[in-house]
Amino acid sequence: GWIRRFILFHQKRHPKDMGKVEVEAFLSHLASARKVSASTQNQALAACLFLYRDVLAIELPWLNDVTRAKVSQHVPCVLSATEVRDLLAYMDGRAWLMASLLYGTGMRLMECLRLRIKDVDFQRLEITVRQGKGAKDRRTMLPASLALPLRQQLERVQVLHSRDLETREFAGVALPFALARKYPNAEFELAWAYIFPASRLGVDPLGG
């Protein structure tokens, strides 16, 4: 898409007939006229470099004369402890537990949604977060005050899991990477079940 825009910007001239000056003009136009973000401008730059280096086998000289898009700086909005307590007071059930875990453990939303039973260590009061930011695993603390509610959630999941096993449509939970081949039937084991499963059976979100 960016390569197409680059060519159209220069009245459909062939990229072989253009080079450093035209790329700089295009990138500067994005920043000054289109007011794109710095990340968007970098994406366009990467596309142009790919076009010349990998498609046309042309090495562009260093692009010095590019008007750079400004990096946005936003002050984060952080709730106070009192505001968090007030917010949680209006919640209950699974939503309350998930919100409490997000606040008490520092997990991101999708990290919480992807938690599996095997990732919770009640003895050490630890949670192992799999494939977090940067595709890295990490450990975070489990607040002692949430241990009992979380155990109760696991008991509900165990009941639901037993019912699913009796359902013909149930093909097991999604397993990452090639674990389905490495550990046969692991998709049917309770340890791999999601702590916060969907309300109904669905397509494997991991594409298996």
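Modeller: A salt bridge is a side-chain nitrogen of Lys or Arg within 4 Å of a carboxyl oxygen of Asp or Glu. This is a predicted model, in which local features need pLDDT of at least 70 and side-chain atom pairs count only at pLDDT 80 or more, while totals for chains, interfaces and linings use all residues. Residues are numbered from 1 along each chain as its sequence is written, and side-chain values use heavy atoms, with hydrogens and water left out.

For accessibility, buried means under 20% relative accessible area, exposed over 50%, and partly exposed in between (1.4 Å probe, protein chains only). Asp119 is therefore buried, at 4% relative accessibility, whereas Lys118, at 32%, is partly exposed.

A further salt bridge pairs Arg130 with Asp137, with 3.6 Å from N to O. Arg130 has a relative accessible area of 40% and so counts as partly exposed; Asp137 is partly exposed because its value is 44%. Through shared partners, salt bridges join Lys118, Asp119, Arg130 and Asp137 into one network.

The search of the whole structure finds ten salt bridges. Among them is the one between Glu111 and Arg138, at 2.8 Å from N to O. This pair links distant parts of the chain, 27 residues apart: Glu111 lies in helix α6 (residues 109-113) and Arg138 in strand β3 (residues 138-141). Helices (H or I, at least four residues) and strands (E, at least two) are DSSP runs, numbered from the N terminus. Glu111 is buried because its relative accessibility is 9%, while Arg138, at 27%, is partly exposed.
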